[in-house]
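Here is a short report on one protein chain. It covers the domains, the strands and a helix pair.

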Amino acid sequence: MKLHTNCKSCKEDIKITSSAETRPDLQMEKGSEFKVNCTNCGKFDKKHVNDISASPNKTMLLTGIILGIFATIVLWFFYGAIGAASLTIPFLFWQQQVKATHAFNSYMIRRK
Ligand SMILES: [Zn+2]
């Protein structure tokens, strides 16, 4: 899962570097409002934690696919066709990403 928001001046995506899995986690880490720096136009912007949205991380999916293929080859060697079950690994990775993203996006912090 990756976190991002958009720049007020140039509308470009700004990536948020955080390992927070949920919105309250992000709030605990950075506060209700925090400064973001646009890498496109260089402007600093103040963002509320609710302005941040999450999307599935494609790198994680790719890792899942590679792991899945690798596990399938290894397990196929030892167990035969049943090893193909590990082809579901990428789907599990993807499902986890989508779930985490949905949980993050659907939970809003109450604004004071
Ligand atoms: Zn910008």
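The report below moves from the domains to the strands and then to the helices.

## Basis

This is a predicted model; local features need pLDDT of at least 70, side-chain atom pairs count only at pLDDT 80 or more, and totals for chains, interfaces and linings use all residues. Residues are numbered from 1 along each chain as its sequence is written.

## Domains

The domain assignment gives domain 1 (2–54) and domain 2 (58–106). Such bounds come from an automatic or database domain assignment. The C-alpha centres of domain 1 and domain 2 are 29 Å apart.

Contact between them involves 5 residues of domain 1 and 5 residues of domain 2. Two residues are in contact if their C-beta atoms, placed from the backbone, lie within 7 Å. On the side of domain 1 that touches domain 2, the classes are 1 nonpolar, 2 polar and 2 charged residues. Ala, Val, Leu, Ile, Met, Phe, Trp, Tyr, Cys and Pro count as nonpolar, Asp, Glu, Lys and Arg as charged, and the others, Gly among them, as polar.

## The three-stranded sheet

An open sheet has 3 strands in the order β2-β1-β5, with antiparallel pairing. Strands are DSSP runs (E, at least two residues), as are helices (H or I, at least four), numbered from the N terminus. Strands pair if DSSP finds at least two bridges between them. β2 (13–16) and β5 (53–55) are at the edges with a single partner strand each, so one side of each has no neighbour in the sheet. On average, neighbouring strands of this sheet are turned by 45° against each other, direction ignored.

β1 (residues 2–6) pairs with β2 over 4 bridges, in the antiparallel sense. H4 has K15 of β2 as its bridge partner. N6 has D13 of β2. β1 and β2 form a hairpin with 6 residues between them, and K11 in the turn has a positive phi of about 65°.

Strands β3 (residues 33–37) and β4 (residues 44–48) run antiparallel and are joined by 5 bridges. F34 has K47 of β4 as its bridge partner. V36 stands opposite D45 in β4. This hairpin has 6 residues between β3 and β4, and G42 in the turn has a positive phi of about 80°.

## The helix pair

How do α2 and α3 run relative to each other? The axes of α2 (residues 58–79) and α3 (residues 89–106) come within 7 Å and cross at roughly 160°. Axes are lines fitted to C-alpha atoms, for helices over the stretch in contact, and angles run from 0 to 180 degrees between N-to-C directions. The two helices, α2 and α3, are therefore roughly antiparallel (over 145 degrees).

Residues of α2 in the contact include M60, L61 and I65, while those of α3 include F93 and W94. The contact residues divide into 9 nonpolar, 4 polar and no charged.

How values were computed. Angles under 35 degrees count as roughly parallel, over 145 as roughly antiparallel, 65 to 115 as roughly perpendicular and the rest as oblique.
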